[in-house]
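This briefing goes through one protein model, topic by topic. Have the coordinates open while reading.

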Amino acid sequence: MSELRARLDVPSGVDAPRGARKTVRQLLTAWGFTDGDWLDIADLVVSELVANAVRHGGGLLEIAVQAHETKVTIGAADSTSVSPRRRTPDDTGGYGLALIEQLAAAWGVDAYEGGKLVWVRLRSHPAPLRPVT
């Protein structure tokens, strides 16, 4: 399989995580990623990335999805260059990075068009890919 890429503009707001999650899941399924548990993890990662970009990042600009064989990287770009940081969880949040670190193979931050792109590389998809026909 060659590398697949998609970039999606996502409007900022309270519905952004749900819309991004639904769209990315449909995209991954169309690309042949069909394991339900793995897709649920991708959903959580997308939700965290988008919610954090909306809440802390000055508005979400876009979601980037890359796939090569069984490996997928999902990123969220926003307009601030302030990098995410781990904080002590409390009633207002602080669980996101710990959750991402438990679910993902790796994560990082890259400068992107005057802001940043926070990316998460998911663990490999556990089953052979089955493209939707």
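This is a predicted model: local features need pLDDT of at least 70, side-chain atom pairs count only at pLDDT 80 or more; totals for chains, interfaces and linings use all residues.

E69 is found in the loop between β2 and β3. Its phi is positive, at about 55 degrees, although E69 is not a glycine.

**Loop residues**

- E69 has a relative accessibility of 47%, so it counts as partly exposed; the cut-off for exposed is over 50%.
- E113 also has a positive phi, of about 45 degrees, and is not a glycine.
- The loop that holds E113 runs between β4 (104-112) and β5.
- With 67% relative accessibility, E113 counts as exposed.
- D15 sits in the loop between β1 and α1.
- The relative accessibility of D15 is 48%, so this residue counts as partly exposed.
- D15 and V50 are 35 residues apart along the chain, and their C-alpha atoms are separated by 9.9 Å.

- P17 belongs to helix α1 and is buried, with a relative accessible area of 16%.
- Beyond the residues up to four places away in sequence, P17 touches S47, V50 and A51.
- From P17 to E48 the C-alpha distance is 7.7 Å, for a sequence separation of 31 residues.
- D43 is part of helix α2.
- D43 has 15% relative accessibility and therefore counts as buried, the cut-off being under 20%.
- The contacts of D43, leaving aside neighbours within four places in sequence, are R21 and R25.

**Strand β1**

- D9 is in strand β1, which covers residues 4-9.
- D9 is exposed, at a relative accessible area of 67%.
- Not counting residues up to four places away in sequence, D9 touches L61 and E62.
- The C-alpha atoms of D9 and A77 are 9.6 Å apart, while 68 residues separate the two along the chain.

**Nonpolar core**

- In soluble globular proteins, nonpolar side chains tend to be buried together.
- The largest nonpolar core here has 28 residues, and L28, I63, V72 and I74 have the most contacts inside it.
- The elements that each supply at least two residues of this core are α1 (16-30), α2, β2 (60-68), β3, α3 and β5.
- Helix α2 gives the largest share of the core, seven residues.
- I63 touches A6, R7, L8, V10, A20, V24, V50, I74, G75 and A76, with residues up to four places away in sequence not counted.

**Aromatic pair**

- How many aromatic pairs does the model hold? The count comes to one aromatic pair.
- The ring centres of F33 and W38 are 5.1 Å apart and the planes are at 15 degrees, so the pair is stacked; planes under 30 degrees apart count as stacked.
- F33 is buried, with a relative accessible area of 0%.
- W38 is buried as well, with a relative accessible area of 7%.

**Largest pocket**

- The volume of the largest pocket is about 550 Å³.
- There are 26 lining residues, and those closest to the centre of the pocket are N52, H56, P84, R85 and L97.
- Two or more lining residues come from each of α2 (36-56), β3 (71-78), α3 (96-103) and β5 (115-122).
- Which element gives the largest share of the lining? Helix α2 does, with seven residues.
- By residue type, the lining divides into twelve nonpolar, seven polar and seven charged residues.

**Helix α2 across topics**

- D43, which lies in α2, is in contact with R21 and R25.

Key:
Residues are numbered from 1 along each chain as its sequence is written. Side-chain values use heavy atoms; hydrogens and water are left out. On a 1 Å grid over the protein atoms alone, a cavity is a set of points where a 1.4 Å probe fits but cannot get out, and a pocket is an open set with protein on both sides within 12 Å along at least five of seven lines; lining residues have an atom within 4 Å of a point. Grid points are joined across faces, edges and corners, and a volume is the space filled by probe spheres set on the points. Helices (H or I, at least four residues) and strands (E, at least two) are DSSP runs, numbered from the N terminus. Ala, Val, Leu, Ile, Met, Phe, Trp, Tyr, Cys and Pro count as nonpolar, Asp, Glu, Lys and Arg as charged, and the others, Gly among them, as polar. A nonpolar core is a set of buried Ala, Val, Leu, Ile, Met, Phe, Trp, Tyr and Cys residues joined through side-chain atoms within 4.5 Å. Buried means under 20% relative accessible area, exposed over 50%, partly exposed in between (1.4 Å probe, protein chains only). Contact means heavy atoms within 4.5 Å. Rings of Phe, Tyr and Trp (its six-membered ring) pair if their centres lie within 6.5 Å; planes under 30 degrees apart count as stacked, over 60 as edge-to-face and the rest as tilted.
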